[in-house]
Amino acid sequence: MSNANNSNTTSLPALLQSLRSHTINTLPALRRTERLIASLPPSTPNKSEITKALNEAWIYYVDYHSLLNELRGLTKNYPFSESCLEEAKNGVSKSQGNYCYGVLKRIKDRGLIPAHARALAARPAMWGGRKPSATEMHKLATACESEWTRVLGILLRYWDA
């Protein structure tokens, strides 16, 4: 175990650079990095600087469409709603805890998905300009809601355990 800690501490400058340059830019990679940083002893040199860089990396990940792209990559049939994500972001502080987790949790806790799925299903552009029937809109909203909720659960599981 001490060898792992030694290799971690010798690579901390590289880790810091990777966070600052956004080369660690997926949810799984950021979570691994977060767990690594949390496991460092408090006496680790520059730990607060590394923690700050991680928080900034999470903000960048969420605010510059990486989270949206990851959500949409997992919702190929019904691309995740940008407006749903934006609504969730508006209510989460960037300075407290993990910003990404806060945004995802807000989507879940506030039940934002159903309203955004219905709004998407009601857009004329989704229907080639024609007015869909209530049944058609309901089917599309239900399909979006199901896929988006499934993917939200997948991403939130990164914080389990």
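View 1. The structure holds zero disulfides, a disulfide being a pair of cysteine sulfur atoms within 2.5 Å. Cys144 is in no disulfide either. Its nearest cysteine sulfur is that of Cys84, at 11 Å. Cys100 counts as buried, because its relative accessibility is 0%. Cys144 is buried too, also because its value is 0%. Buried means under 20% relative accessible area, exposed over 50%, and partly exposed in between (1.4 Å probe, protein chains only).

The model is predicted: local features need pLDDT of at least 70, side-chain atom pairs count only at pLDDT 80 or more, and totals for chains, interfaces and linings use all residues. Residues are numbered from 1 along each chain as its sequence is written, and side-chain values use heavy atoms, with hydrogens and water left out.

**View 2. Thr33 sits in helix α3.** This helix covers residues 27-39. Thr33 counts as buried, because its relative accessibility is 7%. Beyond its neighbours within four places in sequence, Thr33 is in contact with Leu15, Leu19, Ile24 and Leu54. Contact means heavy atoms within 4.5 Å. Leu15 lies 18 residues from Thr33 along the chain. The C-alpha atoms of this pair are separated by 8.4 Å.

**View 3. The fold is built from nine helices and zero strands.** From the N terminus on, the elements run α-α-α-α-α-α-α-α-α. The radius of gyration is 19 Å, well over the 15 Å that the globule rule gives for 161 residues, so the chain is more spread out than a compact globule. That radius is taken over C-alpha atoms, and the rule is 2.2 Å times the number of residues to the power 0.38. Helices (H or I, at least four residues) and strands (E, at least two) are DSSP runs, numbered from the N terminus. Along the principal axes, the C-alpha atoms fill a box of roughly 65 × 25 × 25 Å. Among contacts between residues at least 6 apart in sequence, 64% join residues at least 24 apart.

**View 4. The chain surface exposes about 9100 Å².** Carbon and sulfur atoms supply 53% of this area, computed by the Shrake-Rupley method with a 1.4 Å probe. Of the 161 residues, 39% count as buried. The chain carries 21 positive and 13 negative side chains. The centres of the two sets lie 2 Å apart. Lys and Arg count as positive and Asp and Glu as negative, with His and the chain ends not counted. Each charge is placed at NZ of Lys, CZ of Arg, CG of Asp or CD of Glu.
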